[in-house]
Amino acid sequence: RDGILGCHCVEDQCAECAEVCDVHASCRLVDGQPACVCDDGWQGDGETCADVDDCDPNPCQNGGTCTDGLDSYTCSYPAGFVGTCQTNIDNCDPNPCQNG
């Protein structure tokens, strides 16, 4: 029946492993057995989870500096670049030159 595995409620089975799961993991049934599974953006065996390094390899181009976030990253880029540093903006648009 739905929600029941053998004589144990699904919630009861997960209670068995929930106390050993990392703070960034939850107990879930995997192949019918309770197991700790790291949350999105985290990796490990579930009992120990570490933040996934979204900057490895560096997704920023043209000298951009990557800053890792939780399941995300941001690029700091040199003047003249936007996005993940792949697009060079046109520094002459509009014409910044005076007197021709």
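The model is predicted, and the chain has an average pLDDT of 76. Of the residues, 67% score at least 70.

**Confidence**

- The chain averages a pLDDT of 76, and 67% of the residues reach at least 70.
- Over residues 1-10, pLDDT stays under 50.
- For residues 1-10 the model has seven contacts beyond four places in sequence.
- Where pLDDT is low, the predicted coordinates should not be read in detail.

**Disulfide Cys-21 to Cys-36**

- Cys-21 and Cys-36 are joined by a disulfide, with an S to S distance of 2.1 Å.
- Cys-21 sits in the loop between α1 and β3, while Cys-36 belongs to strand β4 (residues 33-38), so the pair links distant parts of the chain, 15 residues apart.
- The link of Cys-21 and Cys-36 is left-handed, with -90° about the S-S bond.
- Cys-21 and Cys-36 are both buried.

**Disulfide Cys-55 to Cys-66**

- The sulfur atoms of Cys-55 and Cys-66 are 1.9 Å apart and form a disulfide.
- Because Cys-55 lies in the loop between β6 (49-51) and β7 (65-69) and Cys-66 lies in strand β7, the pair ties together parts that are 11 residues apart in sequence.
- The torsion about the S-S bond of Cys-55 and Cys-66 is about -75°, so this disulfide is left-handed.
- Cys-55 is buried, as is Cys-66.

**Disulfide Cys-60 to Cys-75**

- Cys-60 is joined to Cys-75 by a disulfide, S to S 1.9 Å.
- This pair links distant parts of the chain, 15 residues apart: Cys-60 is in the loop between β6 and β7, and Cys-75 is in strand β8 (residues 72-76).
- With -90° about the S-S bond, the Cys-60 and Cys-75 link is left-handed.
- Cys-60 has a relative accessible area of 9%, and it counts as buried because the cut-off is under 20%.
- Cys-75 is also buried, with a relative accessible area of 16%.

- Asp-22 is placed in the loop between α1 and β3.
- Asp-22 is buried yet has no salt bridge.
- The nearest side chain of opposite charge to Asp-22 is that of Arg-28, 12 Å away; a salt bridge would need the charged atoms within 4 Å.
- A polar atom of the Asp-22 side chain lies 3.4 Å from the backbone nitrogen of Cys-49.
- Beyond its neighbours within four places in sequence, Asp-22 is in contact with Gly-46, Glu-47, Thr-48 and Cys-49.
- Glu-19 is found in the loop between α1 (10-18) and β3 (25-30).
- Glu-19 has 71% relative accessibility and therefore counts as exposed.
- Glu-19 and Glu-47 are 28 residues apart along the chain, and their C-alpha atoms are separated by 9.4 Å.

**Asp-68, in strand β7**

- Asp-68 is part of strand β7.
- With 31% relative accessibility, Asp-68 counts as partly exposed.
- The side chain of Asp-68 reaches the backbone nitrogen of Asp-54 at 3.0 Å.
- Setting aside neighbours within four places in sequence, Asp-68 is in contact with Asp-51, Val-52, Asp-53, Asp-54 and Cys-55.
- The C-alpha atoms of Asp-68 and Val-52 are separated by 8.6 Å, and these residues are 16 residues apart along the chain.

**Backbone features**

- The peptide bond from Asp-56 to Pro-57 is cis, with omega near 0°.
- Pro-57 is found in the loop between β6 and β7.
- Asp-31 is not a glycine but has a positive phi, near 55°.
- Asp-31 is located in the loop between β3 and β4, and at 78% relative accessibility Asp-31 counts as exposed.
- Asp-71 is not a glycine either, and has a positive phi of about 60°.
- Asp-71 has its place in the loop between β7 and β8.

Methods. Residues numbered from 1 in each chain as written. Predicted model: local features only at pLDDT ≥ 70, side-chain atom pairs only at ≥ 80, totals over all residues. Heavy atoms only, no water. Helix = DSSP H or I, 4+ residues; strand = E, 2+ residues; numbered from the N terminus. Buried < 20%, exposed > 50% of the residue type's maximum accessible area, 1.4 Å probe, protein only. Lys, Arg positive; Asp, Glu negative; His and termini not counted. Polar contact = N/O pair within 3.5 Å; in protein donor to acceptor, adjacent residues only side chain to side chain. Contact = heavy atoms within 4.5 Å. Disulfide = S-S within 2.5 Å. pLDDT = per-residue confidence, 0-100.
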